[in-house]
Structures are given as structure tokens and as C-alpha cells.
Amino acid sequence: MESIKEIFKIGKGPSSSHTMGPKKAAEMFRDTCPGASSFVVTLYGSLAATGKGHLTDVALKEALEDGGNRKTEIVWKPKEFLPQHPNGMNFKAFDADGRLLREQVYFSIGGGDISTTGKRENRKDVYPFSKMKDILGWCNENNSYFWEYVAMYEEPDIWDYLAERWEVMKRSIEDGLDHEGVLPGGLNVRRKAYSYYQHAKSYNNTMQRRGLLFAYALAVSEENAAGGTIVTAPTCGSCGVLPAVLYLLHTSYGVTEKKIINAMATAGLFGAVIKENASISGAEVGCQGEVGSACAMACAAATRIFGGTPPQIECAASMGMEHCLGLTCDPVCGLVQIPCIERNAIAAARAIDAAQYSLMSDGSHIISFDTVIEAMKRTGHDLPSLYKETAEGGLAFLVKNK
């Protein structure tokens with residue numbers, strides 16, 4: 001299983017698979033043909049269906065043209081799907097006389113990762129186990145926590161890596177609370193984070209903490225929707241869940257930075273297991289792979305911070321994903337705004353609830369985390385493509401056709 005570094009990436013929104021991934025692919029292709037005068041990029045399937053709302057074309061042109069005089073043409077084919085993956089793109093480079101210099105197909109497979117086959121390539125496994133039952137067994141056998149398992153197999157710089165991502169997470173919350181106005185894209189969605197933050201302060205105790213949690217999740221998700229800098233956790237579309245939970249526990253409960261970083265390692269481990277055994281791509285398995293995964297990660301982090309045992313942590317993460325099974329990806333107008341932003345806030349609250357629920361138990365439960373992840377993968381593959389980031393089903397269809 002890969003490093004948890006592959007879960008937490010710093011980048012600009014609004015989408016890891018539709019913005020960060022295509023930009024990365026464009027940079028890779030551009031560097032292989034420095035003599036190109038122009039490019040043609042054909043987008044297929046989900047990339048074409050929701051690419052404009054996700055600023056895919058903007059990211060591609062920014063990377064390919066690189067401030068020069070080269071021209072880029074984008075061809076949209078939303079009804080055509082390449083068999084390897086829903087997020088396919090074909091790059092062509094031409095010289096000044098219009099002769100084809102190079103052609104390459106890439107796939108954006110989720111979380112900002114790029115592949116030429118539709119599957120994960122050139123991966124470097126750092127963990128001996130990829131199933132949570134085996135990791136949990138190691139923790140029980142060694143009387144250790146999940147973050148100690150991470151420390152055992154990751155490079156020593158993992159803690160500095162996570163600390164840097166934590167700083168970016170905090171900054172995205174603070175920026176999101178500071179910014180107001182209407183989000184770009186045409187839906188006229190007004191930022192709500194600051195308003196929720198102010199309303200939350202008028203309450204006491206539990207109601208205040210719940211309101212602050214909503215405000216923090218909204219802040220990050222709104223920054224993402226505006227193309228701001230965020231941390232994938234595990235994707236851009238679900239980037240508000242984990243930071244909101246961690247920030248609330250840090251600021252309202254006095255949890256130390258060290259404990260926060262350990263909790264991030266725990267969350268990253270659960271995210272890596274999901275990525276290894278299922279998918280975090282909304283275009284492949286629906287929003288259950290994005291917000292569902294983020295919720296499971298936040299459940300694990302919160303339970304760890306509140307002193308939960310490894311079985312209790314695994315129980316909470318199972319619950320977080322279990323109750324997101326079947327969640328479709330139906331972004332209105334192809335924007336990461338409706339219902340994405342509010343989903344982050346609700347998932348953050350669900351994570352706190354699941355943590356408390358599991359902490360009241362001994363951690364034993366019938367349906368294991370591995371089983372829930374397998375169910376998520378099967379459910380995602382059974383979902384019609386209409387409900388996997390095409391903006392043609394569910395809410396997106398109804399809003400467009402009213």
C-alpha cells in the first residue's frame with residue numbers, strides 16, 4: 001500500500017480529478033514536446049461533462065501555454081467514455097506547420113493522480129498490509145496505535161509533511177472565514193462560512209461547537225469552490241471534512257498540534273486503505289468515494305483524539321463510510337458547490353457523532369471496515385454513470401430541467 005502522502009496533497013480547487021489531475025497531465029505532456037506550437041486536448045466522459053464547471057479547460061491552458069504564445073484547443077466529448085476510466089483525455093502536440101509531433105492519452109484517476117492506463121502506475125508501496133483487519137491485528141499484537149504503525153513504515157519526514165499540510169488546512173479555514181461574496185460559476189451561491197461562524201458564537205456549549213464545525217467545513221469547501229489553495233483529504237471535493245473536525249478539536253478542546261498530526265496520520269492510513277481497495281474518484285464510484293471517504297477519515301481522527309482504542313477507531317470509520325454508501329455525485333451545473341459544500345459540513349458533524357457513538361462501545365461490531373469498503377466499491381460500480389460526476393442525473397438533472 002502506498003504512502004499516506006498520496007492522500008494529502010496541496011493544490012488549487014475546485015477538483016482534484018478535474019482540475020489538479022488534468023493540470024498535472026498537461027505539464028507532463030508539455031515537457032515531452034518543448035518544440036510544440038499548439039495543442040489539441042480531447043476530454044472524454046466525466047471530464048467533458050463537468051469540465052467547464054471544474055475549470056478543467058482553464059487548468060489545461062494554463063499548463064500547456066505556460067505564459068507563451070502557444071495555442072490550445074479543447075474538444076469536449078461528454079457522451080464518449082474511454083474504456084479504461086471515466087476521466088480520459090487525449091493530448092496532441094503540433095509544430096508551427098501543423099504536423100503532429102506527439103500524442104498521448106492520460107487518465108485522471110482521483111485525488112490528483114494521473115495514469116496512462118486508467119490504473120495506478122509506478123506506485124511505491126511502503127506498507128506491508130493493505131487490509132484494515134491486518135493493520136488492526138498488528139496494532140493489537142504490538143499494543144500500538146495506528147499512528148505508530150504509520151511511524152514504523154513511513155520515511156522520517158512524514159511528520160514534517162503532515163505538519164505542513166496542517167498549516168495549509170488551518171489557513172484555508174481562516175481564509176474561508178475572511179472571504180465573503182458570491183462564488184464564481186453562475187449559480188450565485190453566496191459564501192456562508194463567516195455568517196455561520198458569527199451565528200455559532202451566539203450559542204453556548206454543544207450548539208456553539210456544532211455551529212463552529214459547520215462554519216469551518218464551509219470555509220474550506222468555499223475556498224475550494226473559488227479555486228483557492230486547499231489540501232486533498234482525500235480529494236478537493238471533500239477537502240472540508242477533516243480540517244473542520246481537526247480545527248474544532250484544536251481550538252475548542254485545546255488538543256495539541258502533536259495530537260492533531262498523529263490524528264492526521266491515523267486518518268491518512270484509513271484513506272490509503274480506501275484508495276487501495278476501492279476508489280476515491282467521484283467519476284468512478286460516486287460521492288461515496290469522496291465525502292464518504294473523508295467522513296471515514298475524520299471519524300478515525302476524532303476517535304483517536306478523544307482517546308479511542310484501535311478497535312473503537314476502526315468501528316467509527318466503518319460507521320462513517322457505511323452511512324455514506326450509495327451517495328451519488330450529481331453536481332449542479334458541474335460545479336463543486338451544490339450539493340458538495342453542504343455535504344462537507346454534514347459529513348464533519350457525522351464524524352463527531354460516529355466518534356462519540358463508538359467511544360461508548362468497546363469497539364466490537366459485526367461489519368468490518370474492509371467489508372464496508374468492498375461494499376462501497378461494488379455500489380460504485382453498480383451506479384449508473386449518470387450519477388458519477390456527469391451533472392446529468394439527480395439534483396443536477398432536476399435543476400437544469402426546471
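Tutor: What follows takes the labels one by one and sets values against cut-offs.

Tutor: This is a predicted model, where local features need pLDDT of at least 70, side-chain atom pairs count only at pLDDT 80 or more, and totals for chains, interfaces and linings use all residues. Residues are numbered from 1 along each chain as its sequence is written, and side-chain values use heavy atoms, with hydrogens and water left out.

Student: What does Thr 56 touch?

Tutor: Leaving out residues up to four places away in sequence, Thr 56 touches His 18, Pro 22, Leu 43, Leu 47 and Gly 51. A contact needs heavy atoms within 4.5 Å.

Student: How do you know which class Thr 116 belongs to?

Tutor: Thr 116 has 37% relative accessibility, so it counts as partly exposed. Thr 116 lies in the loop between S6 and helix H4 (132-141). Its contacts, with residues up to four places away in sequence not counted, are Gln 104, Val 105, Tyr 106, Phe 107 and Glu 121. The C-alpha atom of Thr 116 is 29 Å from that of Leu 325, which is 209 residues away along the chain.

Student: What makes H9 mostly covered?

Tutor: Nine of its twelve residues are buried. Among them are Val 241, Leu 242, Pro 243 and Tyr 247. The cover includes helix H6 (158-178), helix H8 (205-225), H10, helix H12 (291-305) and H14. Just after H9, Gly 254 takes a positive phi of about 70°.

Student: Why is H10 called largely enclosed?

Tutor: Count its buried residues: 17 of the 21, so the rest of the structure largely encloses H10.

Student: What makes a set of residues a nonpolar core?

Tutor: Members are buried Ala, Val, Leu, Ile, Met, Phe, Trp, Tyr and Cys residues, joined through side-chain atoms within 4.5 Å. The largest such core has 96 residues, of which Phe 8, Leu 242 and Leu 246 touch the most other members. Another core lies apart from it, with 19 residues, including Cys 33, Phe 39, Met 89 and Ile 114. In soluble globular proteins, nonpolar side chains tend to be buried together.

Student: What makes a space a cavity, and what makes one a pocket?

Tutor: On a 1 Å grid over the protein atoms alone, a cavity is a set of points where a 1.4 Å probe fits but cannot get out. A pocket is an open set with protein on both sides within 12 Å along at least five of seven lines. Lining residues have an atom within 4 Å of a point. A search of the whole structure finds three cavities of 30 Å³ or more.

Student: What is the volume of the largest cavity, and which residues lie closest to its centre?

Tutor: The volume is about 130 Å³, taken as the space filled by probe spheres set on grid points joined across faces, edges and corners. Of its 15 lining residues, Gly 237, Glu 290, Val 336, Cys 340 and Glu 389 are the closest to the centre. Helix H1 (16-32) and helix H14 (340-359) each give two or more residues to this lining.

Student: How do you know how many charged residues line the largest pocket?

Tutor: Asp, Glu, Lys and Arg count as charged; Ala, Val, Leu, Ile, Met, Phe, Trp, Tyr, Cys and Pro as nonpolar; the others, Gly among them, as polar. By that count the lining has eleven charged, six nonpolar and four polar residues. The largest pocket has a volume of about 430 Å³. S6 gives the largest share of its lining, three residues.

Technical notes
Helices (H or I, at least four residues) and strands (E, at least two) are DSSP runs, numbered from the N terminus. Buried means under 20% relative accessible area, exposed over 50%, partly exposed in between (1.4 Å probe, protein chains only).
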